[in-house]
Amino acid sequence: MASDFALNIPSELEAGRLRSIKFLVTNRPWLDLYGVHVKPVAPFGSASSRIFVDPALIHRCLPDELLFEVFARMTAYDLGRASCVCRKWRYTIRNPVFWRSACLKAWQPTGIVENYKILQSKYDGSWRKMWLLRPRVRTDGIYVSRNTYIRAGIAEWKVTNPVHLVCYFRYLRFYPSGRFLYKNSSQKLKEVMKYMNFRSSKAECVFSGTYTLSDDKVEAALVYPGLRPTVLRIRLRLRGTTSGANNRLDLLALVTSGMNDTEASNSEEDVLGVVEGWQDDETHNPDVPAVTHKRGLTPFVFVPFEQVETSVLNLPVDKMDYFVPG
């Protein structure tokens, strides 16, 4: 039985409605892929005698030998990102050759023989496990410590005095050879990063020193040149927000003390070797007493080179009040 309320649409209006619907319907070719199962890609170095045809165009054009050479020139963190692309890349990147070269470069001052001993005794002979679990300082970026304090201002003919929020940064850049660069400045990260290298260090008040890594503890020292040479001793502890990140450095101690001219002349190559064994309150120059700094000990946050321009550490002070490193 037909409804009494049925709507009769004229033929000319019905044709116009169909024409408008034609422009609203979107083509979705990916819907044709539902239910289509892709065969798994054979692992790198498979011993199977069956002839395998890779459906991916990049793998047809790029032989396994060239793919291996491309991965061998990538950093360890880029290898981790590349392993998420497809199954074949994941199998290829699990080759221990990549992780062995990354580990030997990261712990270069330790020595090859000692690294092999640590590999067998603590990490079951797995270079990848060693890379993820063993603490290391990262050399593919810069560590930044943001510090703020309130300074009282002066205003005449007013009942209340203004205050100023002062912000300054400590910058640390490590090198695999056991050397590092240090700068204390109020300039933003993207400005300082331009001259955080050995070529521009002297002109831009960037000081260099040496460091050692023992488990998760970092011992570093540098010399401030001048009429009264002053040594800065830094003690740090490595940690990470995720496994293998090593993106935080807790500042345990910061001590400045004096040293005599003989020690200053011998400290150009190895500052840490000169001050090794010094007590916290020890100084070798009576004009420069040892001072243990209690302020400005905010943890260092690691920023990779590719994120320097877009990091939140470049924001002004009024927009950075919320930033608390974890």
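View 1. Two or more lining residues come from each of helix 3 (64-72), helix 4 (76-82), helix 5 (87-93), helix 6 (96-106) and helix 8 (127-133). Bear in mind that this is a predicted model, where local features need pLDDT of at least 70 and side-chain atom pairs count only at pLDDT 80 or more, while totals for chains, interfaces and linings use all residues. Residues are numbered from 1 along each chain as its sequence is written, and side-chain values use heavy atoms, with hydrogens and water left out.

View 2. The lining of the largest pocket splits into 20 nonpolar, 9 polar and 10 charged residues. Here Ala, Val, Leu, Ile, Met, Phe, Trp, Tyr, Cys and Pro count as nonpolar, Asp, Glu, Lys and Arg as charged, and the others, Gly among them, as polar. Domain 1 (64-133) and domain 2 (141-314) each give at least three residues to this lining; the bounds come from an automatic or database domain assignment.

**View 3. The whole chain, for orientation.** The protein chain has 11 helices and 9 strands. These are DSSP runs numbered from the N terminus, H or I with at least four residues for helices and E with at least two for strands. Of its 326 residues, 34% count as buried, meaning under 20% relative accessible area, with exposed over 50% and partly exposed in between (1.4 Å probe, protein chains only). The accessible surface comes to about 21200 Å², and 55% of that belongs to carbon and sulfur atoms; the areas are from the Shrake-Rupley method with a 1.4 Å probe, and for residues only the protein chains shown count as cover. Take the contacts (heavy atoms within 4.5 Å) between residues at least 6 apart in sequence: 55% of them join residues at least 24 apart.

View 4. Tyr143 sits in strand 1 (residues 141-152) and counts as buried because its relative accessibility is 0%. Its C-alpha atom is 5.5 Å from that of Phe300, 157 residues apart along the chain. Arg248 belongs to strand 7, and at 13% relative accessibility Arg248 is buried too. The C-alpha atoms of Arg248 and Val301 are separated by 5.1 Å, with the two residues 53 apart along the chain.

**View 5. Leu189 and its surroundings.** Leu189 is part of helix 9 (residues 189-192), and its 1% relative accessibility is why Leu189 counts as buried. Beyond neighbours within four places in sequence, Leu189 is in contact with Ile142, Val144, Tyr171, Val303, Val308, Ser311 and Asn314. Arg170 is 19 residues from Leu189 in sequence and 9.9 Å away in space, C-alpha to C-alpha.

**View 6. Asp280 in its loop.** Asp280 is in the loop between helix 11 (271-275) and strand 8 (291-292). It is partly exposed, since its relative accessible area is 36%. Setting aside neighbours within four places in sequence, Asp280 has contacts with Arg233, Arg235, Val255, Ala290 and Thr292. C-alpha to C-alpha, Asp280 and Val255 are 6.8 Å apart in space and 25 residues apart in sequence.

View 7. Most residues other than glycine have a negative phi. Asp124, not a glycine, has a positive phi near 55 degrees. Asp124 lies in the loop between helix 7 (112-122) and helix 8, and is exposed, with a relative accessible area of 62%. Asn246 is no glycine either, and its phi is positive at about 50 degrees. This residue is in the loop between strand 6 (230-239) and strand 7 (248-258). Asn246 is buried, with a relative accessible area of 8%.
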